[in-house]
Amino acid sequence: MAEMADLAELPPNRAKFEERLLAITTKKAGNAKYLSEEKYLEVIKEVKGALEKEGKGLIKKERDRLKKYAAKTMGAEEYLVKHGDHKNYFVNNERMYDALLEVHLQVSHGGKNRMLPIIRKKYSNVSQEATFLFLSLCGIYLAKKKPKKRGIVVKPLVFEEMNQRCQVD
Ligand SMILES: [Zn+2]
């Protein structure tokens, strides 16, 4: 029984998720929804550098960065947040899995309808696409989602009756 319980807690495979996410992000290179860890840190640095100029001599890229982003310190770490919305924050691709897993377990392996409202409250860039990918890798979620085959179950008595009639005929 203990072993079964452990299996039931098995989360989606991280390596598979990251492999498929990489395929998506490679195809969509330059899409601001997906930031590698390196890019994430780079943008934070650019935002802070632009802020230090206090509005003097900003180049277009810096103005664009400030229009779109801000940096926020939470605990020991710095996060990229949307300009004017410091409640939500961006996660880099390397942390996407953890963000999704946390929400997914919070709703007991629930689906997108339960996950997305929580995700949208907390994160700026955890996409529906990434959520679907994550769900497609959770066996527990998929098993719950499978339609029950109630309609297909045939009562054996009816069959017997039919067989008898056929023989008589
Ligand atoms: Zn699950």
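Which residue in β2 is the bridge partner of alanine 70? The partner is valine 81. The report below sets this pairing within the predicted model.

## The three-stranded sheet

The predicted model contains an open sheet of three strands, arranged in the order β1-β2-β3 with antiparallel pairing. Strands β1 (69–74) and β3 (85–89) are the edge strands, each pairing on one side only. Direction ignored, neighbouring strands of this sheet are turned by 50° against each other on average.

Strands of a sheet pair through backbone hydrogen bonds, either parallel or antiparallel. Here β1 and β2 are joined in the antiparallel sense over six bridges, while β2 (residues 77–82) and β3 are paired, also in the antiparallel sense, over two bridges. Valine 81 takes part on both sides: it is the β2 bridge partner of alanine 70, and it stands opposite tyrosine 89 in β3. A further bridge links lysine 82 with aspartate 85 in β3.

## The two hairpins

Strands β1 and β2 form a hairpin with two residues between them. Within its turn, glycine 75 has a positive phi of about 65°.

The hairpin of β2 and β3 has two residues between the strands. In this hairpin, glycine 84 takes a positive phi near 85°.

## Helix α3 against the sheet and against α4

Helix α3 (residues 37–52) lies across β1 and β2 and runs at about 105° to β1. Helix α3 also packs with helix α4 (residues 60–68), at an angle of about 105° and with the two axes 9 Å apart. Angles of 65 to 115 degrees count as roughly perpendicular, and α3 is therefore roughly perpendicular to α4.

Which residues of α3 and α4 meet? From α3 come Val43, Glu46, Val47 and Ala50, and from α4 come Glu62, Arg65 and Leu66. The residues of this contact comprise four nonpolar, no polar and three charged.

## The pairing of helices α2 and α7

Two packed helices are described by the angle between their axes and the distance between the axes. For helix α2 (residues 14–27) and helix α7 (residues 128–135), the axes come within 10 Å and cross at roughly 150°. Angles over 145 degrees count as roughly antiparallel, so α2 and α7 are roughly antiparallel to each other. Their crossing is right-handed.

On the α2 side, the contact is made by Phe17, Arg20, Leu21 and Ile24. On the α7 side, Glu129, Ala130, Leu133 and Phe134 take part. The residues of the contact of α2 with α7 divide into six nonpolar, no polar and two charged.

Proline 11 is found in the loop between α1 (2–8) and α2. Is proline 11 buried, exposed or partly exposed? Proline 11 is partly exposed, with 17 other C-beta atoms within 10 Å. A residue counts as buried if 20 or more such atoms lie within that distance, and as exposed if 12 or fewer do.

Proline 11 and histidine 104 are 93 residues apart along the chain, and their C-alpha atoms are separated by 9.3 Å.

Terms used:
Residues are numbered from 1 along each chain as its sequence is written. This is a predicted model: local features need pLDDT of at least 70, side-chain atom pairs count only at pLDDT 80 or more; totals for chains, interfaces and linings use all residues. Axes are lines fitted to C-alpha atoms, for helices over the stretch in contact, and angles run from 0 to 180 degrees between N-to-C directions. Helices (H or I, at least four residues) and strands (E, at least two) are DSSP runs, numbered from the N terminus. Angles under 35 degrees count as roughly parallel, over 145 as roughly antiparallel, 65 to 115 as roughly perpendicular and the rest as oblique. A crossing is left-handed if the near helix is turned anticlockwise from the far one by less than a right angle, and right-handed if clockwise. Two residues are in contact if their C-beta atoms, placed from the backbone, lie within 7 Å. Ala, Val, Leu, Ile, Met, Phe, Trp, Tyr, Cys and Pro count as nonpolar, Asp, Glu, Lys and Arg as charged, and the others, Gly among them, as polar. Two strands pair if DSSP finds at least two bridges between them.
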